Amino acid sequence: MAIKLRSGAPADAEVCGDICYKAFKTISETHGFAPDFPAREVAIGLLAWMLAHPGFYSVIAEIDGRIVGSNFLDERNRIAGVGPITVDPAVQNRAIGRHLMDAVHERAAERSFAGVRLIQAGFHTRSLSLYAKLGYDVREHLACMQGKALGISIEGHVVRPAAEADVEGCNQVCQEVHGHNRDGELRDAIAQGTASVVEHDGRITGYATIIGFFGHAVGQTNKDLKALLGAATEFAGPGFLLPTRNGELFRWCLNKGLRIAQPMTLMSKGLYNEPAGAFLPSILY
Ligand SMILES: CC(C)(COP(=O)(O)OP(=O)(O)OC[C@H]1O[C@@H](n2cnc3c(N)ncnc32)[C@H](O)[C@@H]1OP(=O)(O)O)[C@@H](O)C(=O)NCCC(=O)NCCS
């Protein structure tokens, strides 16, 4: 079985999106969880966006000229994000995933990224084993949280939509919390109109690109994240990702009636700074 790797193009979106949808649906349903993508078109739409975006590197695996899987590297920030990686369920567990991971690691090394990160479905033994063997360490256990919008405000913490002029203030908070900023993602979210900031004592103390599966958030304190969570009109996609080690915020969400949709794991390889503040990772890390 000769596996050929090549870079992706927008024309690959349909076939790769179909495999991505099937791969996640199969693994989720096998374990009794709801699929990450509600419909094939949603997976195709996401991969079409990533394949056309200059900030993402893509790699496609083929066998006998047929696409059997794909993987991505989010290069928008100084720490790179890996995934979504998916292999056609008919040919899984035959080293295609390992080849697709090696390809993005080679790319990350060429581009001198100090570290790479990913989010893993916590119930999936195969991906956990593969990533651990490839050198990833478990950093956070996450709960994907879903439920009705909270409609809560936190005294002294004002939430408003983010604008271009907020980028510097947001990047500063991210830098304080993570030791690096996520400028590229933040700018995309502001352009898409999904980002929000929280202000306390007249300065930006946190932001969210969106409260949901594909968005990250940072705050100097849990109060900042509570204000952002409380102001969200919905939790986009399957839910937002909450590090369960943050027991205070985790219990606050549970006590507000939010439910755990599924367990997930944040893993990293290379540089990793222990966060110095409150944060919610996105599925892209
Ligand atoms: C995760 C996925 C991309 C991996 O690709 P794959 O081609 O099936 O995986 P590979 O065969 O390359 O690697 C699997 C490795 O895990 C090992 N493995 C599998 N189950 C294991 C277990 N229970 N315990 C220990 N090792 C295990 C295999 O032996 C193999 O290791 P090796 O490379 O040292 O031989 C693929 O299974 C997939 O698309 N899954 C559904 C979507 C998904 O979960 N994507 C990842 C999101 S986090």
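This is a predicted model: local features need pLDDT of at least 70, side-chain atom pairs count only at pLDDT 80 or more; totals for chains, interfaces and linings use all residues.
A crossing of two helices is right-handed if the near helix is turned clockwise from the far one by less than a right angle.

**Entry 1: helix 5 and helix 6**

I began with helix 5 (residues 167-178) and helix 6 (residues 183-192), which pack at an angle of about 140°. Their axes lie 10 Å apart. Angles over 145 degrees would count as roughly antiparallel, and helix 5 and helix 6 are therefore oblique to each other. With the definition at hand, I looked up the handedness: helix 5 passes helix 6 in a right-handed crossing.

Which residues make the contact? From helix 5 I found V167, C170 and N171, and from helix 6 D183, L186, R187 and I190. Sorted by class, the contact of helix 5 with helix 6 has four nonpolar, one polar and two charged residues.

**Entry 2: more on helix 6**

I stayed with helix 6 and asked which of its residues are buried. They are G184, E185, L186, D188, A189 and I190. I then looked at what surrounds them: the buried residues of helix 6 pack against helix 2, strand 3 (66-74), helix 5 and strand 10 (203-208). After helix 6 comes G193, and its phi is positive, near 75°.

**Entry 3: helix 3 and helix 4**

My next pair was helix 3 (residues 96-110) and helix 4 (residues 125-133). Their packing angle is about 45°, and their axes are 11 Å apart. That makes helix 3 oblique to helix 4. The crossing of helix 3 and helix 4 is right-handed.

On the helix 3 side I listed G97, R98 and M101 as making the contact, and on the helix 4 side L130, Y131 and K133. By class, this contact of helix 3 with helix 4 has three nonpolar, one polar and two charged residues.

**Entry 4: the cysteines**

How many disulfides are there? A disulfide needs a pair of cysteine sulfur atoms within 2.5 Å, and by this rule I counted zero. I checked C144, which is in no disulfide: the nearest cysteine sulfur belongs to C253 and is 12 Å away. C144 is buried, with a relative accessible area of 0%.

C174 is in no disulfide either, and the nearest cysteine sulfur to it, that of C170, is 9.2 Å away.

**Entry 5: helix 8**

C253 turned up again when I looked at helix 8 (residues 247-255), where the buried residues are G247, L249, F250, W252 and C253. What do they pack against? I found strand 7 (137-146), helix 7 (222-231), strand 12 (240-243), strand 13 (259-270) and strand 14 (278-280). Helix 8 is followed by G257, whose phi is positive, near 95°.

**Entry 6: a proline in a loop**

Last, I looked for P38 and found it in the loop between helix 1 (13-30) and helix 2 (40-52). Is P38 buried or exposed? P38 is exposed, because its relative accessible area is 68%, and exposed means over 50%. I also took a distance from P38 to E75, which lies 37 residues away along the chain. The C-alpha atoms of P38 and E75 are separated by 26 Å.

Key: Residues are numbered from 1 along each chain as its sequence is written. Side-chain values use heavy atoms; hydrogens and water are left out. Axes are lines fitted to C-alpha atoms, for helices over the stretch in contact, and angles run from 0 to 180 degrees between N-to-C directions. Helices (H or I, at least four residues) and strands (E, at least two) are DSSP runs, numbered from the N terminus. Angles under 35 degrees count as roughly parallel, over 145 as roughly antiparallel, 65 to 115 as roughly perpendicular and the rest as oblique. Contact means heavy atoms within 4.5 Å. Ala, Val, Leu, Ile, Met, Phe, Trp, Tyr, Cys and Pro count as nonpolar, Asp, Glu, Lys and Arg as charged, and the others, Gly among them, as polar. Buried means under 20% relative accessible area, exposed over 50%, partly exposed in between (1.4 Å probe, protein chains only).
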